[in-house]
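Let's take a friendly walk through this fold, one region at a time. Keep the viewer open as you read.

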Amino acid sequence: MKFALTFSFALLACTAPFSNHLPPISPETSPQYSVVVNNSSWRIERWEHKGSVVALVPQTEVSLNFKDNQVNGFGGCNNFAGSYKLVDDKLSVGTLDATQKGCDPVVMNQEFQFLSALESVRRIGSDAFGRLQLFYELDAGEGVLYFTPNN
């Protein structure tokens with residue numbers, strides 16, 4: 001990843017009450033549904049870190065696209081791309097390259113945290129609502145990224 005480590009993990013400390021109509025799912029919950037990611041497109045819906053909901057920057061889109069062992073998307077400020085490998089429910093994402101556009105520092109911090117989490121994904125799942133779940137582990141703790149299909 002080509003970001004300077006100038007932003008703190010302050011974003012991960014931000015939490016907000018969950019007000020969506022879908023029930024929360026904890027990282028301890030084992031995924032019960034298979035998920036097909038090749039040729040799929042997703043947008044972030046929810047982010048949990050250490051059991052707390054991370055407050056996403058309002059009006060900021062974060063998306064993922066999977067095709068032919070490549071992942072790309074938009075982190076809120078920059079486009080990114082890299083490779084991925086999926087075996088059963090084990091997902092590994094290679095080093096991500098991102099464009100170098102500058103944005104509001106709050107958005108940049110969220111994007112840095114998101115890309116760090118994405119590169120640290122270890123397991124993939126989905127739930128009964130069709131949400132894609134990416135389970136990650138960083139030095140700062142474990143978390144889950146939840147995505148809905150991007151129509």
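With which side chain does the side chain of T148 make a polar contact? The partner is the side chain of R43, at 2.7 Å; a polar contact here is a pair of N or O atoms within 3.5 Å, where, within protein, one must be able to donate a hydrogen and the other to accept it, and residues adjacent in sequence count only if both atoms are side-chain atoms.

Before going on, note that this is a predicted model, in which local features need pLDDT of at least 70, side-chain atom pairs count only at pLDDT 80 or more, and totals for chains, interfaces and linings use all residues. Residues are numbered from 1 along each chain as its sequence is written, and side-chain values use heavy atoms, leaving out hydrogens and water.

T148 sits in strand β10 (residues 141–149); strands are DSSP runs of E with at least two residues, helices runs of H or I with at least four, numbered from the N terminus. T148 counts as buried because its relative accessibility is 10% (buried means under 20% relative accessible area, exposed over 50%, partly exposed in between, with a 1.4 Å probe and protein chains only).

Now turn to helix α2, residues 105–119. At its start, a side-chain oxygen of D104 comes to within 2.8 Å of the backbone nitrogen of V106. Of the 15 residues of α2, 12 are buried, so the helix is largely enclosed by the rest of the structure. Among them are V107, M108, F112 and F114.

Conventions
Expected span 1.5 Å × (residues − 1).
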